[in-house]
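The sequence and structure come first.

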Amino acid sequence: MLGIDDRDDHDIDDMPKFGDHVDDEIFSQILEMDESEDDRDFSAPLVLNFFEQAIETFEKMQSALNASNLEELSGLGHFLKGSSATLGFNKIRDSCQIIQQYGHRMNVDGTPEPDQQVCLKRIGDALQAVKADTAELETAMRKFFPPAAA
């Protein structure tokens with residue numbers, strides 16, 4: 001029986017390095033679903049649509065932040081955390097985890113954070129970080145995927 005470490009991982013070696021933005025193993029599994037490396041008809045729309053979804057979610061997060069709606073922020077953080085984790089987008093996932101936690105009035109270590117203003121401040125900081133990380137990753141992904149695939 002083959003274990004996860006026994007498989008041929010040449011796709012990971014051939015893939016550009018996205019640094020700590022991307023889990024190479026997860027992302028290579030997405031790429032394996034394409035019929036052709038020249039025409040990434042499965043992975044390109046999936047990845048590029050994620051960025052559209054992220055921008056819409058960031059707008060909703062900003063509105064919820066302006067309204068001091070921690071519950072909404074937690075839900076939006078959870079939503080985008082799941083989408084980003086599925087694609088292996090680590091930095092986005094981690095920032096969304098922070099947003100989700102503080103939306104629940106919890107520190108990242110799981111201890112309660114009773115001060116709403118502290119929660120809102122930390123969510124605001126995480127939101128700015130995740131927007132910057134997303135923009136950086138989107139630029140790299142648009143270079144990776146051929147224009148015809150988008």
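Residues count as buried under 20% relative accessible area, as exposed over 50%, and as partly exposed in between (1.4 Å probe, protein chains only). The model is predicted: local features need pLDDT of at least 70, side-chain atom pairs count only at pLDDT 80 or more, and totals for chains, interfaces and linings use all residues. Residues are numbered from 1 along each chain as its sequence is written, and side-chain values use heavy atoms, with hydrogens and water left out.

**Positive phi in loops**

- Most residues other than glycine have a negative phi.
- Serine 68 is not a glycine, yet its phi is positive, at about 55 degrees.
- Serine 68 lies in the loop between helix H3 (43-66) and helix H4 (70-87); helices here are DSSP runs (H or I, at least four residues), numbered from the N terminus.
- Serine 68 counts as partly exposed because its relative accessibility is 31%.
- Arginine 105, also not a glycine, has a positive phi of about 60 degrees.
- The loop between helix H5 (90-103) and helix H6 (116-144) holds arginine 105.
- With a relative accessible area of 34%, arginine 105 is partly exposed.

- Leucine 73 is in contact (heavy atoms within 4.5 Å) with Met61, Ala64, Leu65, Ile99, Leu120 and Ile123, leaving aside residues up to four places away in sequence.

How values were computed: Helices (H or I, at least four residues) and strands (E, at least two) are DSSP runs, numbered from the N terminus.
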